[in-house]
Every structure is written in structure tokens, then in C-alpha cells.
Amino acid sequence: MERGIKSLLKIYRRKVEYLVGQWNALEASQRQVRPAPGKWSLTETLVHLEMVQEACLMSMRERLESGIKRPSSLKHRWRFFKLRLAMWSHLKFKAPGMVQP
């Protein structure tokens, strides 16, 4: 299992390095362009992803420190299932108001 996680982390890090290179190749003005009115710029999208990642990591830390490894109640299991379904689907969802552009 640990070997699989290390392999995934290696792939993830390579992708991050690639994306950082792509980001650095862009002009600052290109990073701010919104593709359409009401749509997010590249910068806004990356900030949103960073916020989501931080929230997920905080939640994982709290759960690991408390000893809970899986969703405990039916409500949490249902939310977890919906989140996984949304993450693997090709559907788009409206972001919560706190992260709207």
C-alpha cells in the first residue's frame, strides 16, 4: 500500500512541476484574463483550488488526530459519496458563494 502511495505522490509532484512551468511561462496579464463574463481567470481558479486543498488537508488532519479514518454517520457517508461522485464525473457544479469570482 505504501508503495502505491509513493508512486501516486511522485506522479502528482511531476504534474505540479509541469503546471508551475506552464504558469511561469505566462505573462501576468494572461493569468488575469477571464474567458467570459462571470467565468474565473486562471489565477482565480488556482486560488480556489488552493483553498479547497487547504480545507481538505485540515479536515484530514483533524480526522487522523481524532482516530476517525472513515465517514462515521450515514449523513457523512452520503456527503462523502456525493463528493466522490462529483469529483469523478465530468459534470460542472456551481461553486459556493464564498468562492465565487
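**Exercise 1. Where is the place of S41, and is S41 buried or exposed?**

Residues are numbered from 1 along each chain as its sequence is written, and side-chain values use heavy atoms, with hydrogens and water left out.

*Step 1.* Find the elements: helices are DSSP runs of H or I with at least four residues, strands are runs of E with at least two, and both are numbered from the N terminus. S41 sits in the loop between helix 2 (28–32) and helix 3 (42–66).

*Step 2.* Check the cover. S41 counts as buried because its relative accessibility is 1%; buried means under 20% relative accessible area, exposed over 50%, and partly exposed in between (1.4 Å probe, protein chains only).

*Step 3.* List the neighbours. Leaving out residues up to four places away in sequence, S41 touches R31, Q32, V33 and R34, where a contact means heavy atoms within 4.5 Å.

**Exercise 2. Find the salt bridge and place its two partners.**

*Step 1.* Apply the rule: a side-chain nitrogen of Lys or Arg within 4 Å of a carboxyl oxygen of Asp or Glu. The count comes to 1.

*Step 2.* Name the pair: R34 and E44 meet at 2.5 Å, N to O. R34 is in the loop between helix 2 and helix 3, E44 is in helix 3, and the two are 10 residues apart.

*Step 3.* R34 is partly exposed at 36% relative accessible area, and so is E44 at 23%.

**Exercise 3. Compare the span of helix 3 with the expected one.**

*Step 1.* Helix 3 has 25 residues and reaches 36 Å from first C-alpha to last, close to the 36 Å expected.

*Step 2.* See what comes next: G67 follows helix 3, with a positive phi near 90°.

**Exercise 4. Judge the confidence of the model.**

*Step 1.* Take pLDDT, the predictor's confidence in each residue from 0 to 100. The protein averages 83, and 89% of the residues score at least 70.

*Step 2.* Keep the caveat in mind: where pLDDT is low, the predicted coordinates should not be read in detail.

Conventions:
Predicted model: local features only at pLDDT ≥ 70, side-chain atom pairs only at ≥ 80, totals over all residues. Expected span 1.5 Å × (residues − 1).
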